[in-house]
Amino acid sequence: MEKKHNPEGKRPAQPSGRRARNDAYMHIPAKEDKSQTMKATIATTIRNAGFEDAGAIYALIKEHPREVVPRAISDIVQNIDRFLVCEARACPSSARGRIIGTAAWQILPEIGKALNPSIEIKSVAISGHYQHKGIGSALVKAIIKRIKRFHPAQIVVLTFTPAFFRQFGFNEVAKETLMHKLYMGCINCTKYDSPFTCPEVAMTLAVEKK
Ligand SMILES: CC(C)(COP(=O)(O)OP(=O)(O)OC[C@H]1O[C@@H](n2cnc3c(N)ncnc32)[C@H](O)[C@@H]1OP(=O)(O)O)[C@@H](O)C(=O)NCCC(=O)NCCS
């Protein structure tokens with residue numbers, strides 16, 4: 001990520017008045033402004049989401065109806081502590097930026113003692129213009145780091161883009177091995193009559209046990 005977006009290796013100053021962030025910083029080239037000869041630079045921050053981000057997260061998810069399962073705004077609000085966002089600011093010192101990417105996680109159910117707990121990565125969405133700039137990778141890496149603090153046995157993802165997740169160590173598995181995920185998410189699916197005919201690929205990343 002840094003190699004692409006933070007050639008100076010500098011961490012932009014944090015705007016005052018905002019809550020503390022434990023984030024990565026990177027610079028990405030902004031959309032080319034045809035009235036200018038030089039490309040502008042945008043500072044991006046990956047941070048925990050707050051309630052003020054719920055509307056932007058909702059819009060980002062809606063931008064990708066084929067790949068990302070829609071989520072109601074009330075669902076996003078109730079789970080806001082499980083979302084990360086990538087915020088872009090035209091100027092590092094500006095107080096408020098634009099939310100250009102998001103990713104979330106969810107703990108899957110376990111019966112009895114949590115002997116084999118799984119956490120799912122979901123709602124990964126990057127705004128169209130900002131794709132292929134390393135933002136999705138930065139968000140997924142940050143969310144994996146966060147999830148690992150809970151010491152799950154594995155991290156799970158159902159995705160149309162297995163190649164993207166393979167680079168983080170995810171491997172394809174049979175959907176039958178993730179019945180808890182299927183009951184949690186797929187049971188109310190209106191797109192496919194069975195998770196086994198759904199083209200999404202199930203993948204897991206094993207986490208070293210504590
Ligand atoms: C898939 C997605 C999250 C990737 O985020 P991104 O910021 O565009 O990805 P990155 O720039 O970090 O990609 C790094 C590498 O991942 C791989 N990759 C990225 N998007 C990919 C895709 N759609 N399919 C396969 N591989 C992909 C590529 O190897 C890429 O390197 P490259 O840009 O040099 O080709 C983003 O494109 C997106 O929001 N897509 C629509 C929604 C979606 O599919 N979400 C995933 C649902 S689980």
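User: Which elements each supply at least two residues of the shell around the ligand?
Analyst: β5 (118-126), α4, β6 (154-159) and α5 (162-166) do. Helices (H or I, at least four residues) and strands (E, at least two) are DSSP runs, numbered from the N terminus. The model is predicted: local features need pLDDT of at least 70, side-chain atom pairs count only at pLDDT 80 or more, and totals for chains, interfaces and linings use all residues. Residues are numbered from 1 along each chain as its sequence is written.

User: Which residues come nearest the ligand?
Analyst: Glu 67, Gln 131, Gly 136, Ser 137 and Thr 159, of the 20 residues around the ligand. A residue is near a molecule or strand if its C-beta atom, placed from the backbone, lies within 6 Å of it.

User: And which residues of α4 are buried?
Analyst: Ile 135, Gly 136, Ala 138, Leu 139, Val 140, Ala 142, Ile 143 and Ile 147. Buried takes 20 or more other C-beta atoms within 10 Å of the residue's own, exposed 12 or fewer, and partly exposed lies in between; C-beta atoms are placed from the backbone.

User: How much of the protein is buried?
Analyst: Buried residues are 32% of its 210 residues.

User: New topic. Where is Gln 78, and is it buried or exposed?
Analyst: Gln 78 sits in helix α3 (residues 73-78). Gln 78 counts as exposed because it has 11 C-beta neighbours inside 10 Å.

User: How far is Gln 78 from Phe 51?
Analyst: They are 9.2 Å apart in space, C-alpha to C-alpha, and 27 residues apart in sequence.

User: How many helices and strands in total?
Analyst: Six helices and eight strands.
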